[in-house]
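The sequence and the structure are shown first.

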2 protein chains.
Amino acid sequence: MTHTIRPFQDSDWPALWPILQATFQAGDTYSFAPDSTEQDIRQAWIDTPAATFVLCTADGTIAGTYFIKPNQTGLGNHVCNCGYVVAPAGQGQGYASAMCEHSQAQAVAMGFLAMQFNLVVSTNERAVRLWQWLGFAIVGTLPGAFRHQRLGLVDAHVMFKTLATPG
Amino acid sequence: MTHTIRPFQDSDWPALWPILQATFQAGDTYSFAPDSTEQDIRQAWIDTPAATFVLCTADGTIAGTYFIKPNQTGLGNHVCNCGYVVAPAGQGQGYASAMCEHSQAQAVAMGFLAMQFNLVVSTNERAVRLWQWLGFAIVGTLPGAFRHQRLGLVDAHVMFKTLATPG
């Protein structure tokens, strides 16, 4: 194993925040406002989700992270939602794929029956292809639903994968 | 005019809560847990949204309500989301249609460019047809995404309507 994926601990935050900040500042993949504060992002990535994980390289460096949470409350809470971020230095090493596979197993362990991504930016073609390769379908495309910081309004996909049948 | 639509006031709550409670207890249209508390629903319908409206009949009785809020934060906050409820006694009088048209004008006035419904229960055929008649498209269908209280897992639609172009 060249990496491990484990639950987030409070002591990870100082290393995690710059990775998240760099990603969201670019304004090309996630809807978080590029000028979000550290407190805003900590709430969204750590406090609100049901669980957050980090991916560590062999020397213990954090190179990625994901969260998992119910996508809806109440009668829609059997479908989960996840968000994934890979550190700039960790790109191209299969970390997003590893985290997505980990999150699917985690989702099933937590009792979720399916996983939904609500706003996959259409111009983020690498991500779209990766999710498709991992079994997610584009169930619909939202016209102009993402305000890309360089390209203006671009389409976003809703992607979905059934993970389990009701037990 | 046989009805008016006006902003919610605190004094409306005692009349509004039973209408919302009756709707959500049925568990066939909205994801709110059927056993949601009054406090839960007040937060979701009144406190969290950007604005909430009520529809009053000629004698001032509240017969419907809707909320409007951004559907996403940050770079997706130009798309709004609304939820509509008509009192059981007010069904079949065009109130849902009137509120949806009011909400679209309100959305444009608030600067939103589009409106999205995230979880339109497929078995709620009257609602699906009404939103289509009012210009919303089914952009995708989420398999088994709603846990219907009588029918079990049923599909839900994502519906979307563009309201304006960037000014």
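## Enclosed space

A cavity is a set of grid points where a 1.4 Å probe fits but cannot get out. Rolling a probe the size of a water molecule over the atoms shows where empty space is left. The model examined here is a predicted one. The space in the largest cavity comes to about 30 Å³.

Which residues line the largest cavity? The lining consists of A:Trp17, A:Gln21, A:Phe24, A:Gln25, A:Ala33, A:Pro34, A:Ser36 and A:Ile41. Helix α1 of chain A, residues 13–26, is the main contributor to this lining, giving four residues. Sorted by class, the lining has five nonpolar and three polar residues, and no charged residues.

## Interface of chains A and B

On the side of chain B, 33 residues are in contact with 33 residues of chain A. Between the two chains an area of about 2300 Å² is buried, and carbon and sulfur atoms give 61% of that area. Three residues, B:Ser31, B:Leu75 and B:Arg147, together supply 29% of the area that chain B buries against chain A, more than any other three residues.

What polar pairing is found across this interface? There are 12 residue pairs in polar contact, with both residues at pLDDT 80 or more. Salt bridges between chain B and chain A number zero by the rule applied.

Three strands of chain B, namely β5 (114–121), β6 (137–148) and β7 (152–162), are the elements that each give two or more residues to the side touching chain A. Strand β6(B) provides the largest share of that side, with nine residues. The class composition of the side of chain B that touches chain A is 17 nonpolar, 15 polar and one charged.

## Salt bridges

Side chains of opposite charge can pair when their charged atoms come close. Over all chains, the rule gives a count of six salt bridges, although across the interface of chain B and chain A the number is zero.

One of the salt bridges joins A:Arg42 to A:Asp10, with 2.8 Å between the closest N and O atoms. A:Arg42 lies in helix α2 (residues 38–47) of chain A and A:Asp10 in the loop between β1 (3–7) and α1 of chain A, so this pair ties together parts that are 32 residues apart in sequence.

Technical notes: Residues are numbered from 1 along each chain as its sequence is written. Chains are lettered from A and ligands numbered from 1 in the order in which they are written. This is a predicted model: local features need pLDDT of at least 70, side-chain atom pairs count only at pLDDT 80 or more; totals for chains, interfaces and linings use all residues. Side-chain values use heavy atoms; hydrogens and water are left out. Contact means heavy atoms within 4.5 Å. Buried area is the accessible area (1.4 Å probe) that two parts lose on being put together, summed over both. A salt bridge is a side-chain nitrogen of Lys or Arg within 4 Å of a carboxyl oxygen of Asp or Glu. A polar contact is a pair of N or O atoms within 3.5 Å; within protein, one must be able to donate a hydrogen and the other to accept it, and residues adjacent in sequence count only if both atoms are side-chain atoms. Ala, Val, Leu, Ile, Met, Phe, Trp, Tyr, Cys and Pro count as nonpolar, Asp, Glu, Lys and Arg as charged, and the others, Gly among them, as polar. On a 1 Å grid over the protein atoms alone, a cavity is a set of points where a 1.4 Å probe fits but cannot get out, and a pocket is an open set with protein on both sides within 12 Å along at least five of seven lines; lining residues have an atom within 4 Å of a point. Grid points are joined across faces, edges and corners, and a volume is the space filled by probe spheres set on the points.
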